[in-house]
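Colleague: I'm new to this one, and I'd like to know what the labels rest on. Can we go through it together?

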Amino acid sequence: MTFLGKLVGSLAGMATGKWVLAVLGLALGHQFDRGFSKYARNSLPPSFIRVAFSAMGHLAKADGRVSEAEIHLARAAMRTLDLDTKATQAAMRAFNTGKQAGFNLEAQLRELRDEVRDATQMGEQLVAFLLPVLLLKPDVISAERRVLWQVAQTFELSRVDVAQMEARARLGRHFRSAPAAPPTQDRAVAAFAVLGIGPEASNAEIKTAYRRLMNRYHPDKLAADASAADLESASRKTREVREAYELVRARRGFK
């Protein structure tokens, strides 16, 4: 979806507290997004904006308060989606509704689920939309995790799927915000998560995991009639797997 690269990319810089890096992250995200705006606008289910922003408000309030940074993030998402005045007002109402006590997130999610054919793909898009809220926080509490797991369950994703998506987002944030920095423990842990293995894995197991994921996600493995969005998704996942493998390999020192 066209907004995801810019949204996560700009947040990668914002999370460092340096607005120059935020602009750089936005530019990098834009490169990911180019060429897909028409597809995304035409493919969004009617209820996506309302459900996505109400879920964002619900997630933001899960720790008991909504920060200014989370409000700015919601507004940035509205701008990135190129919402007109009416749609922006509707999105803000949805965000505020999601913050209210007793908000029924499950009903909203099921409404969106009933509008789509591919539940898994929509679930991935919705989780990706919500992940920047978590990336703003130094610590993530269990109530916030439960919101993402509720989304995952409704859209037929596992907790492992969500954990890997978060790990890839955090890994990408580290790459964008500090590209020249040596591998840190946090980045290494995220890289292992992307590869679907633990830090205790042997070098041979790391190589096997890398080959398995590259074989699974490589665009050449897709059917001949695969859509542009599927090709882009496969290319993005391939890049993430390759970056994670290179980081782990550099840390372990093997070829």
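Colleague: What share of the protein chain counts as buried, and what makes a residue buried here?

Modeller: This is a predicted model, and 48% of the 255 residues in its protein chain count as buried. A residue gets that label because its relative accessible area is under 20%.

Colleague: How do you know which elements the protein chain is built from?

Modeller: The chain has 13 helices and 0 strands. A helix needs a run of at least four residues, and a strand at least two, so the pattern along the sequence reads α-α-α-α-α-α-α-α-α-α-α-α-α.

Colleague: Why is the largest group of 45 residues called a nonpolar core?

Modeller: Because a nonpolar core is a set of buried residues such as Phe, Met, Leu and Val, joined through side-chain atoms within 4.5 Å. Among those with the most contacts inside this one are F53, M56, L126 and F155. Elements giving two or more residues to this core include α4 (48-60), α8 (119-135) and α9 (142-154). The largest share, 11 residues, comes from α8.

Colleague: What does L130 touch, leaving out residues up to four places away in sequence?

Modeller: L130 touches A52, A55, M56, L59, L148 and V151. Each counts as a contact because heavy atoms lie within 4.5 Å.

Colleague: Which residues does the second core include?

Modeller: That separate core has 21 residues, including A209, Y217, A244 and L247.

Colleague: How much of the contacts with a separation of 6 or more comes from residues 24 or more positions apart?

Modeller: In the protein chain, such residues account for 75% of those contacts.

Technical notes
Residues are numbered from 1 along each chain as its sequence is written. This is a predicted model: local features need pLDDT of at least 70, side-chain atom pairs count only at pLDDT 80 or more; totals for chains, interfaces and linings use all residues. Side-chain values use heavy atoms; hydrogens and water are left out. Buried means under 20% relative accessible area, exposed over 50%, partly exposed in between (1.4 Å probe, protein chains only).
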